[in-house]
Amino acid sequence: MITIIMGSESDLKIAEKGAPLLKEFGIPFEVRVASAHRTPELVEEIMKNSQAKVFIAIAGLAAHLPGVVAALTTKPVIAVPVESKLDGMDALLSCVQMPPGIPTATVGIDRGDNAAILAAEIIAISDEEVSKKLVEFREKQKEKVIKSDEKVRNLF
């Protein structure tokens, strides 16, 4: 089980990049909206009641949500900074510059898809089915690149 927490509904487009991958890998997940600043009690309630093995926290601007989520659990937290102001650099730096002892794994700006894949890789450590699906996923990616290479080579 994975819990995806977004700072606001406007972050849904980022969660939508990862949700289909989690479905493909057969990993149950839930998606919630909770603000570290406007609804800290809700963030705390979600964290207390979640059965997730991994958390994905999506946030823009000051992007405090991933750090707050990480402060409330010892389970892995994957931060997804969102491009909203300053080309997303403000959010990226907020996610990667965590204080000692409260880490988040941070993927690239707007990379909800990579967050889902990283979460699946964490789950796959103890779930053979997810591990097999990740191997299949990587093989499909490889095949896409090979087909693209063939297509481009044949253009000239």
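Predicted model: local features only at pLDDT ≥ 70, side-chain atom pairs only at ≥ 80, totals over all residues.
Student: How many salt bridges are found in the whole structure?
Tutor: The search covers the whole structure. A pair counts when a side-chain nitrogen of Lys or Arg is within 4 Å of a carboxyl oxygen of Asp or Glu. The number found is 6.

Student: Is lysine 48 buried or exposed?
Tutor: The cut-off for exposed is over 50% relative accessible area. Glutamate 44, at 36%, is partly exposed. Lysine 48 has a relative accessible area of 65%, so lysine 48 is exposed.

Student: What separates the closest N and O atoms of aspartate 113 and arginine 111?
Tutor: Aspartate 113 lies in helix H5, which covers residues 112-124. Aspartate 113 and arginine 111 form a salt bridge, and the distance between their closest N and O atoms is 2.5 Å.

Student: Which residues does aspartate 113 touch, not counting residues up to four places away in sequence?
Tutor: Contact here means heavy atoms within 4.5 Å. With residues up to four places away in sequence left out, aspartate 113 touches Lys17, Gly18 and Leu21.

Student: Where do arginine 153 and aspartate 149 lie?
Tutor: These two residues form a salt bridge, with closest N and O atoms 3.8 Å apart. Arginine 153 is exposed at 54% relative accessibility, while aspartate 149 is partly exposed at 39%. They are 4 residues apart, and therefore separated by about one helical turn, in helix H6 (residues 128-153).

Student: Which residues make the nonpolar surface patch of about 380 Å²?
Tutor: Patch residues need over 30% relative accessible area and no salt bridge. Valine 96, one of the patch residues, has 41% and is partly exposed. The patch is made by Leu86, Met89, Leu93 and Val96.

Student: Which helix holds valine 96?
Tutor: Valine 96 is one of the residues in the nonpolar surface patch. The helix that holds valine 96 spans residues 89-96 and is H4.

Terms used:
Residues numbered from 1 in each chain as written. Heavy atoms only, no water. Buried < 20%, exposed > 50% of the residue type's maximum accessible area, 1.4 Å probe, protein only. Helix = DSSP H or I, 4+ residues; strand = E, 2+ residues; numbered from the N terminus. Patch = residues over 30% accessible without salt bridge, like charges linked within 9 Å, V, L, I, M, F, W, Y side chains within 5 Å. Areas by Shrake-Rupley, 256 points an atom, 1.4 Å probe, with all protein chains shown as cover.
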